[in-house]
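Student: Could we go through this model together, one question at a time, with the cut-offs stated as we go?

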Amino acid sequence: MAEGLEVALTDLQSSWNNVQHHTDEISSSRLLVRRGQAFNITLYSRNRAFQPGLDNIIFVTETEDAVYLESEPQRQEYVMNDYGFIYQGNKNWIRPCPWNYGQFEENIIDICLELLDKSLNFQIDPATDCALRGSPVYISRVVSAMINSNDDNGVLNGNWGENYSDGTNPTEWMGSVAILKQWHATGCQPVRYGQCWVFAAVTCTVMRCLGIPTRVITNFNSGHDTDGNLIIDEYYDNTGRILENKKKDSVWNFHVWNECWMARNDLPPGFGGWQVLDATPQETSNGLYCCGPASVRAIKEGEVDLNYDTAFAFSMVNADCMAWLVFGGKEQKLHQDTSTVGNFISTKSIQSDERDDITENYKYREGSLQERQVFLKALQKLKAGRSPGSLRTESQPRSVPLSDSPRSLATPSLQPSDVVQVSLKFQLLDSPDMGQDIRFVLLALNMSPQFKDLRVNLSAQSLLHDGSPLLPFWQDTAFITLSPEEAKTYPCKITYSQYSQYLSTDKLIRISALGEEKNSPEKILVKKIITLAYPSIVINVLGAAIVNQPLSIQVVFSNPLSEQVEDCVLTVEGSGLFRRQQRVLIGVLKPHHRASLTLETIPFKSGQRQIQANLRSNKFKDIKGYTNVYIGL
């Protein structure tokens, strides 16, 4: 009988396999292979040659690829691309924020695996956790919980206040690599601080690094419905000022989450594909602060009872807004708006710097019969999952009659003009640039055949990113008389000196007008959110960019304010160009001063890359810029 074959050496052919599996940017010395794709290894025997028919070598592998994307351009964008854009601003002014995902940078794969090992699931039952790691549904829930630190030593602490003195203001970040490396270097202590776009960007890095196609999604006017009744209540006083919401319902100026591509064998057929994953700690899911994966198709079809957290995701894009006037201890319903929440849902285009609007993936056309049918179906499913009478909480104003349930098929959205036949609207006269006065007009239109005498209370207040209002810093009162079918404009100006000291780092100003007609109890509410803009940093690449050859990069920046700013720091990074963030202390910048500096680097990876830059000071935190550069071999 022939002696058994003794294996002396195993050659994993890491360098060759990694190129074939598109993991060579991570490493060429350790084997990193992707699901569902063949790879080669060579076995060297110690005692004799392999004899076909006599010797058998059996490998046990699982090759099903539950995250397979058929489109090669999509694979390049959603798995391989290590930079992108996160859309911010407001629905009337959408701007791209450059971001360095850096999923192939040094040590990131090990940090991502460490993140899985630090999860509560692994700490409680390591064997079961590891056995389930082949499931993208399971992995996505673990990552969603671990990116925030609410239940564990996750990657990021959230902070939606105004004090970031013991950490980094979320607006200053422009890449995931620095965050993940800081988390690892400090013994897995949460990094301070993050907000929704930072949570989503780091999630994108981790999921792409683990081979799961992922993209970053921005929803403008995003609902946060805390009690699951699909109504966001907003309260105003008689000056038009928005009040702190006692229910903690809110409409975020924008909210950012992820979509991950995967099969959903745990759901009925047809609900695989893109899934919502939200690592921002808003509400708990099965006891942990995580959200998803929720099928995007299930959200569109109102199937809010499907796993996971589909009802909450549905409310973010579909909730109604109810406006209330609080006066004299009473609450008066102003109007109900069915179209405010869920606008211009955006993501970066495939292999392009353009923005894709994917709102139609989440909802049928606003106001269409299909959209209203889906809303009512979702509402009925939510009611069926609750005990009778629990849909509205005690904090819901008692003055709402039963017939005022969210939109019906027969009743269009109730707007103020339906009642008083007068329309109010704000219009900006100039681009709202930081450091400049804000000029705008209030347009008043009488659509009736009668004269109208209006008293309009106007106010302006800063908002935090999550919609929380700060105290008003500007107020005015306008008296407007309108002839039948007449239109008038009332000019307004908020000077820089009036808003500068009250502005939060989110740079959001909400202007409101509450109008009332003489001898009429009806009220008209109009509001507008203004996002103040900074001039961008300009980045110039000087000469040809070649791997392992010195490269000069010029960065041009300026102080946009009419006052001196101090403690200026310029930060520059870019995967494949800089091995770590470059931080340059600038110090003082005089009013409207323009400056430039030149950085030297040696690119170490070829292909299309992006350079990101951020300038902060004691007066502003996030003047940003970027440029794309192709690095040749």
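Tutor: A salt bridge here is a side-chain nitrogen of Lys or Arg within 4 Å of a carboxyl oxygen of Asp or Glu. This is a predicted model, in which local features need pLDDT of at least 70 and side-chain atom pairs count only at pLDDT 80 or more, while totals for chains, interfaces and linings use all residues. Residues are numbered from 1 along each chain as its sequence is written, and side-chain values use heavy atoms, with hydrogens and water left out.

Student: With which residue does Glu72 form a salt bridge?

Tutor: Helices (H or I, at least four residues) and strands (E, at least two) are DSSP runs, numbered from the N terminus. The closest N and O atoms are 2.5 Å apart, and the partner of Glu72 is Arg75.

Student: Is Arg75 buried, exposed or partly exposed?

Tutor: Buried means under 20% relative accessible area, exposed over 50%, and partly exposed in between (1.4 Å probe, protein chains only). Glu72 has a relative accessible area of 35% and is partly exposed. For Arg75 the value is 26%, so this residue counts as partly exposed.

Student: How many residues apart in sequence are the parts that Arg35 and Asp65 tie together?

Tutor: The side chains of Arg35 and Asp65 meet in a salt bridge at 3.6 Å, N to O. Arg35 lies in the loop between helix H1 (14–20) and strand E2 (42–45), and Asp65 in the loop between E2 and helix H2 (72–80), so the parts tied together are 30 residues apart.

Student: Where in the chain is Glu172, which pairs with Arg616?

Tutor: The side chains of Arg616 and Glu172 meet in a salt bridge of 3.0 Å, N to O. This pair links distant parts of the chain, 444 residues apart, with Arg616 in strand E28 and Glu172 in the loop between strand E5 (156–158) and helix H7 (177–185).

Student: Which residue in E28 does Glu573 stand opposite?

Tutor: Glu573 belongs to the stretch 565–573, which is strand E25. In E28, the residue that stands opposite Glu573 is Gln612.

Student: Are H3 and H7 parallel or oblique to each other?

Tutor: Axes are lines fitted to C-alpha atoms, for helices over the stretch in contact, and angles run from 0 to 180 degrees between N-to-C directions. The axes of helix H3 (residues 108–117) and H7 come within 10 Å and cross at roughly 60°. Angles under 35 degrees count as roughly parallel, over 145 as roughly antiparallel, 65 to 115 as roughly perpendicular and the rest as oblique. The arrangement of H3 and H7 is therefore oblique.

Conventions:
Two strands pair if DSSP finds at least two bridges between them.
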